[in-house]
Amino acid sequence: MGGFAGKTLFVDLSKGTFEERQLPDELYRRYLGGLGLCIRLACDAIAPTAEPLSPENAVVIGAGPLVGTDAPASSRVYAVSRLAQSRTMGWCGAGGGRFGALLKYAGYDHVVITGRAAKPVYLKITQSAISLEDAAGLWGKGAHQTTEILGRTPCGPWGVVAIGQAGENLVPYSMAFLDKASTLGRGGLGAVLGSKNLKAVIASGRKGLAVADKKAYRAVLRPLMNSIREYPHLAEWQELGLLKSLPVVEKEVYLAHKKRRIACVSCPVGDKDVMEFPGAETICSTSAANLFLPIIYGVKDPVQAARVIALLDDLGLDLYEFFGALVFGARLVDARILDLAGGPPIKVDSAESLAAWAKKIALRQGAGNLLAGGVAGLKDAFGEKAGDICPPTVKGMYPYVGPGAPLPWNLFGTMELGQALDPRGPHVAASGSPTYFARRPLSVFPKHLARMGVPEEALPRILGPDNNSLSVGRLLKYSHAWFATLGSLGVCARAQINRFYSHKLCAQIYEAATGIKTSQEDLRRRADRVWTLLALANAGETGASDGKAFQPPKGGPGPDLPTQWFGPAGFKNYLTDEPLTRDEALTMMADYHSEQGWDPVTGTPLPECLKALGLDSSGKDLE
Amino acid sequence: MSFEIFFNGPNCSGCWRCMLACSFAKKGSFNPLEANLFVTVDGPEAKITFTQSCDGCGLCADACFYKALEKVQIKEAS
């Protein structure tokens, strides 16, 4: 097969052993690769009873068949594990930097990591040797500092996945960072890696990556390249990155400090930065929109704001959960519920306060140990006393899109509903859905839905027989399938790039690159298998794909949807702009499950659905 | 018409598209470290090296979306 490196590496940290396996071709075909195969391998490696921070949990890291090729923005890296915050088996995705490509050039598509090392180590992967190296000298260092040190390892270049002090100290909202510029692991992947005493994974190699049919590959890619070159907003995206859609700081301020645009391997629309600040201080940002986020909370000086985020990144903290916890913490202090035990006042508009608490949280010092529990941890500790001042949580995480959140988009589209229905919990993954942009007219939806691979027969269920209504729940089913498709191939899911891809194109590129015969129908079925397997993996543990069994519309207490989502200050219906009601949201959830072929009430995949996808009720392959 | 390849370092994003295109065309597989050019981006610094095997075909510049590599026409003596 082309596109794939061909081997999967199994690492047992407890025993210090490695095993290379060539997976059956059939497994690649059934699960596409990348995210899809990460989910399959994680289901096989993680027992339903495995606790997130136990040696029994596994971390599967993988890159799809297009990673390492020149297909635009095909550098995506995924990790799947039982996550610390949601306790669900969830995916973590990163732009990929160069780690994914270098992992493949070393000869591996996936790495399955189990066990727990007796002392801090890092995993070194090359085409000629695998080793666990002593990380004693790295333990206690930040993710960025660790990446800089390991990046200087001879015989590079190296792709580096590293955790900071927050991961070492098992902070539930710690992340891993990939090549300094990509986050991997909202939901606590950092803590999972920390629990394994695994400080970093580095990869380098110079094995070539072939495609199955060069001529067909080139022919499919040519119009895609042309459409990107001709895109009238390309230069603007390249100049501003995510600031184009999230202008948290004035363009002039950003450009005054921006030294270089950084792109993941093969990406024509890079959105990472090298920024320079007074004193020749250089900061590598995951995106400018993130870098200046403290401005939203009232930090006035953009340089100070950027320094806070650089610190959070180095410590390896999820910045959105950090701000949620601090806002909640400040409210608890004001209500005389939380005692900061001599710590400095919590002021989210003060860079000094933010920096002080970031360190205390990552190192679990003083009241920082309480704040390290995140919003859900504080709720557990003080929720009964806190009452109305509790911020929202979904699956133990702070939903950072929505009313009262740092990204206050208030129209309830697929991404917003997806915060409750993705087993992983709240995240931002638009997946090409037209509702990512506010108030798009319904007349343009069919074009976007066709691009995402929605079959024609589903259109009346999503848009009504006269194209004048919208079922967000049913649309989300296809949005998740599109996301699973892109993720399994290795293509970035960000709106500014996936707009150039279509489902038809993905089927063609996949076939040309891998040599695996693939129609659009094949691609749909495989993506559905991937997502249904993920739902099954979580249904066994929790009773439903959303983390807990929920009740049908208008009946019973229903799932744990935040009360803040409803009412005059809550979400609005995407079409009518009327306040979203709880019953509407519950109907959307039931619609989503029905469209998937899952039980509308419990979200458990139904036997007919499993049979059609070739899975048994425990998630094993039938074919 | 002949041209030279011009490297505009500040524009380079480190995306490796140039090396990917070169290795695919010249070596038959995607293998940036075996390409006839090598680009390194280290913070504000960017460097490019062409190997002796480079035939100046310009595919690297064609693959660049950031105008970091451009084909500049050379005026030929009449």
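Is helix α11(A) mostly covered or mostly uncovered, and how many of its 14 residues are buried? In this predicted model, α11(A) is mostly covered, with 12 of its 14 residues buried. The buried set comprises A:Pro302, A:Ala305, A:Ala306, A:Arg307, A:Val308, A:Ile309, A:Ala310, A:Leu311, A:Leu312, A:Asp313, A:Asp314 and A:Leu315. The helix covers residues 302–315 of chain A, and its end C-alpha atoms are 20 Å apart; this agrees with expectation, because 14 residues at 1.5 Å a residue should span 20 Å. After α11(A) comes A:Gly316, which has a positive phi near 85°.

Helix α15 of chain A (residues 374–386) was examined in the same terms. Its 13 residues would reach 18 Å in a straight helix at 1.5 Å a residue, but the end C-alpha atoms are only 15 Å apart. A kink of about 60° is present in α15(A), centred on A:Asp380. The buried residues of α15(A) are A:Gly374, A:Val375, A:Ala376, A:Gly377 and A:Leu378, and the elements covering them include α12 (319–334) and α14 (368–371) of chain A. The residue that follows α15(A) is A:Gly387, with a positive phi near 55°.

Between the chains, 23 residues of chain A are in contact with 20 residues of chain B. On the side of chain A that touches chain B, the elements giving two or more residues are β13 (258–262) and β14 (272–277) of chain A. The largest share, 4 residues, comes from β13(A). By residue class, this side of chain A divides into 10 nonpolar, 7 polar and 6 charged residues.

Notes: Residues numbered from 1 in each chain as written. Chains lettered and ligands numbered in written order. Predicted model: local features only at pLDDT ≥ 70, side-chain atom pairs only at ≥ 80, totals over all residues. Contact = placed C-beta atoms within 7 Å. Nonpolar A, V, L, I, M, F, W, Y, C, P; charged D, E, K, R; others polar. Expected span 1.5 Å × (residues − 1). Buried ≥ 20, exposed ≤ 12 C-beta atoms within 10 Å, placed from the backbone. Bend = angle between axes of the 7 residues up to and from the residue.
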